[in-house]
Amino acid sequence: MEFNTIYLSEDILDKLYSWMPIVSLLKFSLTNRYTYQTVYPKIKQTIYSTLYKNYTLFKWMITHIRYTRKEKINISDVCIQTIQKVYTNPRRLDYDLRFVFELVLHRYPLDEINIPTDLLNHIRKINYCHSIDRWQTIWKIHDEPSLYTLHSWFVPYDQRVSKNRTWRTINSDS
């Protein structure tokens with residue numbers, strides 16, 4: 001394949017794809033039609049590997065990559081089925097609602113999948129708090145005690161004890 005009179009073989013391109021971070025890979029895929037057709041579908045599929053592992057990348061992908069309705073339903077279903085719980089204190093587990101918050105905020109079709117009733121109550125409250133923009137929504141969420149895991153000051157109990165602060169809140173920019 002040629003990039004501005006420089007020929008790169010498929011092997012070299014595959015090495016580049018495996019080496020590059022997702023954000024750079026997306027920008028690289030927009031260089032020409034061939035890279036877009038070969039790389040962009042692979043990038044779209046990496047959202048499944050970010051679920052409950054890398055909130056910042058998940059948030060970026062939901063915002064910057066266009067998904068079809070069917071893909072949105074699949075992402076929503078996988079997110080709901082694999083939802084994790086976090087310790088809010090030594091004896092209490094609550095849902096990690098950050099990923100569900102992004103789905104609700106970007107209007108993913110959650111009504112077409114099977115959701116447990118206790119989680120459905122949380123989703124309804126997030127929908128109730130949904131406002132004209134992200135910051136207004138976060139502001140309203142802070143008034144809702146049942147959405148405590150979405151509050152900006154929340155850090156899971158095990159990370160508070162170990163001082164390992166890897167938790168990303170919904171209003172962190174990075």
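# Reading a predicted fold, one feature at a time

Mentor: Let's start with Glu144, which counts as buried because its relative accessibility is 19%. Buried means under 20% relative accessible area, exposed means over 50%, and partly exposed is in between (1.4 Å probe, protein chains only). Before we go on, note that this is a predicted model: local features need pLDDT of at least 70, side-chain atom pairs count only at pLDDT 80 or more, and totals for chains, interfaces and linings use all residues. Residues are numbered from 1 along each chain as its sequence is written, and side-chain values use heavy atoms, with hydrogens and water left out.

Trainee: Thanks! What share of the 174 residues in the protein is buried?

Mentor: Buried residues account for 44% of them.

Trainee: How many helices and strands does the protein have?

Mentor: Helices (H or I, at least four residues) and strands (E, at least two) are DSSP runs, numbered from the N terminus. Here you can find 10 helices and 4 strands. Starting at the N terminus, the order of elements is β-β-α-α-α-α-α-α-β-β-α-α-α-α.

Trainee: Now for charges. How many salt bridges does a search of the whole structure find?

Mentor: First, the general idea: side chains of opposite charge can pair when their charged atoms come close. A salt bridge is a side-chain nitrogen of Lys or Arg within 4 Å of a carboxyl oxygen of Asp or Glu. The search finds 6 of them in this structure.

Trainee: Which residue forms a salt bridge with Lys44?

Mentor: That partner is Glu71, and the closest N and O atoms are 3.0 Å apart. The pair links distant parts of the chain, with Lys44 in helix 3 (residues 33-45) and Glu71 in helix 6 (residues 69-81), 27 residues apart. Both Lys44 and Glu71 are buried.

Trainee: And which residue pairs with Lys125 in a salt bridge?

Mentor: We are back at Glu144: its salt bridge with Lys125 has its closest N and O atoms 3.8 Å apart. Lys125 belongs to helix 8, while Glu144 sits in the loop between helix 9 (134-141) and helix 10 (157-162), so the pair ties together parts that are 19 residues apart in sequence. Lys125 is partly exposed, with a relative accessible area of 31%. Another salt bridge joins Asp96 and Arg98, with the closest N and O atoms 2.9 Å apart, and both Asp96 and Arg98 are buried.

Trainee: Let's turn to helix packing. At what angle do helix 7 and helix 8 pack?

Mentor: Axes are lines fitted to C-alpha atoms, for helices over the stretch in contact, and angles run from 0 to 180 degrees between N-to-C directions. Helix 7 (residues 98-105) and helix 8 (residues 117-129) pack at about 50 degrees, and their axes are 10 Å apart. That makes helix 7 oblique to helix 8. Angles under 35 degrees count as roughly parallel, over 145 as roughly antiparallel, 65 to 115 as roughly perpendicular and the rest as oblique.

Trainee: Is the crossing of helix 7 and helix 8 left-handed or right-handed?

Mentor: A crossing is left-handed if the near helix is turned anticlockwise from the far one by less than a right angle, and right-handed if clockwise. For helix 7 and helix 8, the crossing is right-handed.

Trainee: What about the backbone? What is the phi of Tyr52?

Mentor: Most residues other than glycine have a negative phi, and most peptide bonds are trans. Tyr52, although not a glycine, has a positive phi of about 60 degrees. Tyr52 lies in the loop between helix 4 (47-50) and helix 5 (55-64), and counts as buried at 10% relative accessibility. Arg107 also has a positive phi, near 55 degrees. Arg107 is in the loop between helix 7 and helix 8, and is exposed, with a relative accessible area of 61%.

Trainee: One last stop: which residues make the nonpolar surface patch of about 260 Å²?

Mentor: Tyr87, Leu93 and Tyr157 make that patch. Patches are made of residues with over 30% relative accessible area and no salt bridge: like charges are joined within 9 Å, nonpolar side chains (Val, Leu, Ile, Met, Phe, Trp, Tyr) within 5 Å. Accessible areas come from the Shrake-Rupley method with a 1.4 Å probe; for residues, only the protein chains shown count as cover. Tyr87 is in strand 3 (residues 85-89) and counts as partly exposed at 39% relative accessibility.
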